[in-house]
Amino acid sequence: MEILEYMEAHGHEQLLICHEPSQGLRAFIAIHDTTLGPACGGLRVWPHESEDDAIMDVLRLSRAMTYKSAVAGLDLGGGKALIMADPHTDKNEAMLRAFGRHVDSLGGRYVTTEDVGMTPRDVEYIAQETEHVVGLPESLGGSGDTSLMTGLGVYLGMKAAAKATWGDESLSGRTVALQGFGHVGSNTATHLLEEGAKLVVTDIFESARQEAADMGAIVVEPDDIYDAECDIFSPCALGGVLNGDTIPRLRCEIVAGGANNQLLSDADGDLLEERGMTYAPDYVVNAGGIINVGSEIGGVYRKDRALELTKRIYRTTLDVIETARSEGITTNAAAARIAERRIAAVRGLKAML
Ligand code: NAD
């Protein structure tokens, strides 16, 4: 793989290789774009089989963060970090603190937070070495569980998609099929039930399925969720679930959910369009998480600000759908276009100074 060629083609600014053999640390920090502000994105701990795989993953994920924050109207750029290690067997305090020192060496160009393979305790270890970390527990003045804000944003994104599709944002009496009843899925469900929506839910864990049933949802087997008769299909578990095999099975008019990277490929966005479905892009509606932790930068978490920005997801989702319609492109392409226009405008502004 030609790393610099890839970075040039995709607009990346920096790739930092972090090596601390005494602590078993082998990590990468990717900074995609800092035009709008410091690069912010989570640290993933994952045992990639090769350095090439790990580098590609961190570069791709950092770029996605640029787009997510840009569309959400945040003054943040895109970044991501990855420690090549097994989160269950290799991760420890010293390794995370060593990583924190590397983050600190960037002087705030990159702000880290929790991602796959991490726990709130791990974030605390990093915070012992750097102030450039967010997503701290509330007991340390942080924003706590981000999935509350993510769930609210997903719900508001659904309402905007409903408005654009049916001319009415009300979800009362509508049926939503939720795939995954974890943090984001269950928080989204709470808002939906409050509004009088009906739920069809699946999860691979019995405890999650039971929780959904206790809340009044109809529970189905994991693979049956794609065939569920519903108004909205909401992926809240895994990426890649919208693909050539699943899209033909969907029986909904709207797809809107919290999972990252729902489309297996861009062509699957076209496929949803061809089936006449409104797709509310994942990173537009699930931005509540980055909004929440982003509201912690500067040392004081401002919940009212996080709430205000999360509520804007409704308007942003409508803008994305309207742009897609007026420019004759998919909603996914429209979201990317909105992000790129904002970054280009701010870059132009900076050039004036
Ligand atoms: P979670 O682990 O709490 O919940 C995921 C749930 O999905 C679990 O209950 C799991 O059992 C279930 N699941 C896994 N595979 C499944 C399958 N094949 N079929 C049905 N259910 C399955 O995670 P979360 O924090 O709720 O995150 C869910 C998704 O949202 C992830 O893609 C995550 O990256 C994304 N996301 C989360 C946040 C956040 O604030 N937590 C923010 C943005 C995006």
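One of its oxygen atoms sits 3.2 Å from a polar backbone atom of Gly258. I call that a polar contact: a pair of N or O atoms within 3.5 Å; within protein, one must be able to donate a hydrogen and the other to accept it, and residues adjacent in sequence count only if both atoms are side-chain atoms.

Before I go on, the ground rules. This is a predicted model, where local features need pLDDT of at least 70, side-chain atom pairs count only at pLDDT 80 or more, and totals for chains, interfaces and linings use all residues. Residues are numbered from 1 along each chain as its sequence is written, and side-chain values use heavy atoms, with hydrogens and water left out.

Asn260 has a side-chain N or O atom 2.9 Å from a ligand oxygen. Thr150 puts a polar side-chain atom 2.7 Å from an oxygen atom of the ligand. How much of the ligand does the protein cover? It covers 74% of the 820 Å² of accessible area that the ligand has on its own. That area comes from the Shrake-Rupley method with a 1.4 Å probe; for residues, only the protein chains shown count as cover.

Helix 5 (147–166) and helix 6 (183–194) are the elements that give two or more residues to the shell. Helices here are DSSP runs of H or I, at least four residues; strands are runs of E, at least two; both are numbered from the N terminus. The shell has 18 residues, and Thr146, Thr150, His183, Val184 and Asp203 come nearest. To be near, a residue needs a heavy atom within 4 Å. By class, eight are nonpolar, nine polar and one charged. Nonpolar means Ala, Val, Leu, Ile, Met, Phe, Trp, Tyr, Cys and Pro; charged means Asp, Glu, Lys and Arg; the others, Gly among them, are polar.

Five strands make an open sheet with mixed pairing, in the order 1-2-4-3-5. Two strands pair if DSSP finds at least two bridges between them. Strand 1 (14–20) and strand 5 (110–114) are at the edges with a single partner strand each, so one side of each has no neighbour in the sheet.

Look at strand 2. Strand 1 pairs with strand 2 in the antiparallel sense, over seven bridges. The two form a hairpin with four residues between them, and Gly24 in the turn has a positive phi of about 70 degrees. Strand 2 (25–33) also runs antiparallel to strand 4 (77–84), joined by six bridges. Ile31 shows both pairings. Gln14 stands opposite Ile31, and in strand 4 the bridge partner of Ile31 is Gly79.

Six strands, open, parallel pairing, order 8-7-6-9-10-11. Strand 8 (218–219) and strand 11 (278–279) hold the edges with a single partner strand each, so one side of each is left without a neighbour in the sheet. Strand 10 (254–255) joins strand 11 by two bridges. There, Val255 stands opposite Tyr279.
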